[in-house]
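Here are some notes on the aromatic rings, for reading beside the model. Please keep the structure open while going through the points.

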Amino acid sequence: MSSPLQILNQYWGHSKFRPLQEDIINSVLAGNDTLALMPTGGGKSICFQVPALAKEGICVVISPLIALMKDQVEQLKSKNIRAASIVSGMSKKEVDIILDNCVYGNYKFLYVSPERLESELFLARFPKMPVNLLAVDEAHCISQWGYDFRPPYQRIATIRELIPNIPVIALTATATKEVKNDICEKLNFKNHKIFVKSFARENLSYVVLNEEDKNSTMLRILRNVAGSSIVYVRNRRKTQEVSDWLNKQNIKAGYYHAGLPNNVRSERQDQWKKGTLRVIVATNAFGMGIDKADVRNVIHLDLPDNIESYYQEAGRGGRDEKQAYAVIIYNNHDILALNERKEEQFPKIEEIKSTYQSLANYLQIAVNAGEGMSYEFDLVSFATHYKLHVLQVLKRLKVLELEDYLTASESIYLPSRIRMLLHHMDLYKFQVEQPSIDHFIKTILRSYGGVFDDYVNIHEQDLATKASIDREQVIKLLQQLDKALVLNYLPQTDQPRITFNRARVDVSELKINPEHLQERKKRFAQKADSLIRYATDNYHCRSMMLLEYFGENAEQRCGTCDYCRQRNKLEINDMEFETLSKSIYEVLQKTSLDLSALIEKLPVRNEDKILKVVQWLLDNGDLTYTTDEKLKLAK
């Protein structure tokens with residue numbers, strides 16, 4: 001068996017692990033259940049991929065993010081590591097072959113969604129797989145205290161009974177103390193170890209600016225800080241508006257959201273990664289799995305819903321360990337909008353039921369049918385048909401997800417795939433009998449290896465070029481061969497999908513627990529309030545606030561956030577500042593005083609330092625003047 005370091009060097013070309021990675025890997029190899037908390041960009045995937053490669057058998061990876069699953073599978077395949085993912089939109093036969101390959105085909109990784117674990121097809125094969133490790137990615141989804149709770153995650157523990165002696169590694173980038181405890185409990189951890197990498201990012205400067213003219217402020221930042229940047233906004237329309245505005249200011253920008261066709265998203269992403277586009281303006285659909293180290297600015301033009309989301313998105317800056325900036329630009333309207341979202345995020349039960357009924361009608365699913373079935377879903381068409389706003393639909397679908405009736409996934413691009421159904425000799429006979437199609441079949445066989453054993457991705461235009469025919473003719477020939485049962489042809493798709501986790505019920509039987517709804521609404525509000533406090537607090541180090549939110553003790557200021565940069569100008573150390581400001585508060589709690597009288601009452605006699613602290617407290621709103629020009633506490 002190769003050592004973890006040999007595996008790291010062989011497949012990733014690194015001569016040493018990042019901090020904590022080796023400890024986590026050794027814990028997994030020792031058979032411990034392991035929880036790894038590592039910030040975005042900290043190298044979480046290495047922590048389960050290396051131990052899985054060090055042991056015989058296959059690692060089953062549970063992840064809710066289809067784009068991330070596909071990205072990791074492609075990366076593993078590029079290293080000649082056998083890996084597969086099962087996503088909604090695949091045919092039953094395709095899934096069947098992948099699962100068979102995982103049982104008999106020497107595969108090392110299988111990526112699945114938590115919903116997939118409960119399908120009959122998966123449960124029939126899973127006990128036969130030589131599983132060496134179960135990896136639960138985005139593990140915060142298991143906790144009702146988490147910001148992205150998903151009910152199917154809570155049933156992962158049940159499949160552990162089928163592999164009782166196999167360790168589990170749970171990984172997440174963001175988790176509070178309650179979430180950490182919840183993960184360990186819900187996954188039935190035994191003899192477990194918890195590893196937490198500090199949430200501090202020394203090279204990342206956090207800045208919050210209250211500005212009415214957000215675009216001009218953003219432009220100033222982009223002109224002052226050179227390099228690749230991400231600008232996050234809340235809605236799709238705004239991505240294009242901001243991108244167009246930046247281009248008019250001679251800053252090369254592109255926009256990105258989940259509603260764009262896959263080829264456009266891929267092209268924009270590649271242009272940004274290569275530097276052709278300096279700025280990508282995006283919704284939060286952008287960023288997962290994007291391994292770009294040299295992002296210098298991550299700018300939020302709208303307030304996120306919670307600190308967890310903000311920290312993950314901000315953490316995409318400065319992964320090369322060089323100076324980067326995470327900036328929130330907000331105004332009072334944003335605070336009002338976030339407070340309104342507390343009420344609007346969770347629709348009324350009757351609205352949810354109405355949308356469920358409309359969805360069943362739209363997809364033509366009969367009562368008691370549809371369990372485990374996945375359907376292409378055109379969100380805009382559905383909303384238009386039923387005279388609803390897209391955001392209304394999304395919020396109602398989210399509640400149906402939380403109640404475990406369905407799963408709504410992002411737009412999934414699945415390339416065209418084929419697999420030969422005839423064996424070699426039977427195919428040869430067919431070619432002899434059908435000489436007009438013989439050249440086309442030979443072109444397929446020369447172009448794609450493994451087509452008899454598995455589904456392989458194809459490009460109709462490539463085939464057309466090689467066969468010296470046009471693309472439409474290729475599609476007709478593939479359809480003809482599919483009909484003749486020579487091969488199975490699955491055309492490409494690029495649509496969001498709805499998967500029914502349960503059979504469709506009559507709307508009168510649809511149960512939405514009002515207490516659950518109220519509890520989720522309460523948690524959403526608490527998290528939103530924490531984000532608002534972070535944005536509006538001008539009296540504490542930003543990094544310290546973030547660390548404390550995640551339960552980490554911060555011993556000293558970061559020195560680089562907007563608060564610390566202002567404090568640094570005072571040229572007073574932290575202890576002196578704390579002592580002086582505390583003394584000023586104590587004196588002014590009793591009475592208002594003019595400056596000279598205040599100086600007389602303070603135990604410190606350094607007038608220069610007192611003046612600097614008083615001015616700081618005035619500038620930051622802690623002190624103010626009375627009508628007769630005396631100093632008093634503002635709050």
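1. The model is a predicted one. With ring centres within 6.5 Å taken as the rule for a pair, the count is 20 aromatic pairs.

2. One of these pairs is Tyr362 with Tyr386, whose ring centres are 6.4 Å apart. The angle between the planes is 65°, and over 60 counts as edge-to-face, so this pair is classed as edge-to-face.

3. Where do Tyr362 and Tyr386 lie? Tyr362 belongs to helix H14 (residues 349–363), while Tyr386 is in the loop between helix H15 (379–385) and helix H16 (390–402). The two parts tied together by the pair are therefore 24 residues apart in sequence.

4. Tyr563 and Trp616 make another edge-to-face pair, with 5.3 Å from centre to centre and 80° between the planes. This pair links distant parts of the chain, 53 residues apart: Tyr563 sits in helix H23 (residues 562–568) and Trp616 in helix H26 (residues 607–619). Both Tyr563 and Trp616 are buried.

5. Aromatic residues also group beyond pairs. Phe199, Tyr311, Tyr549 and Phe550 together form one aromatic cluster.

6. Arg502 lies over the face of Tyr405, 4.0 Å from the ring centre. Over the ring of Tyr448 sits the charged end of Lys466, at 6.0 Å from the centre of that ring.

Definitions and conventions. Residues are numbered from 1 along each chain as its sequence is written. This is a predicted model: local features need pLDDT of at least 70, side-chain atom pairs count only at pLDDT 80 or more; totals for chains, interfaces and linings use all residues. Side-chain values use heavy atoms; hydrogens and water are left out. Rings of Phe, Tyr and Trp (its six-membered ring) pair if their centres lie within 6.5 Å; planes under 30 degrees apart count as stacked, over 60 as edge-to-face and the rest as tilted. Helices (H or I, at least four residues) and strands (E, at least two) are DSSP runs, numbered from the N terminus. Buried means under 20% relative accessible area, exposed over 50%, partly exposed in between (1.4 Å probe, protein chains only). A charge sits over a ring if NZ of Lys or CZ of Arg is within 6 Å of the ring centre and within 35 degrees of the ring normal.
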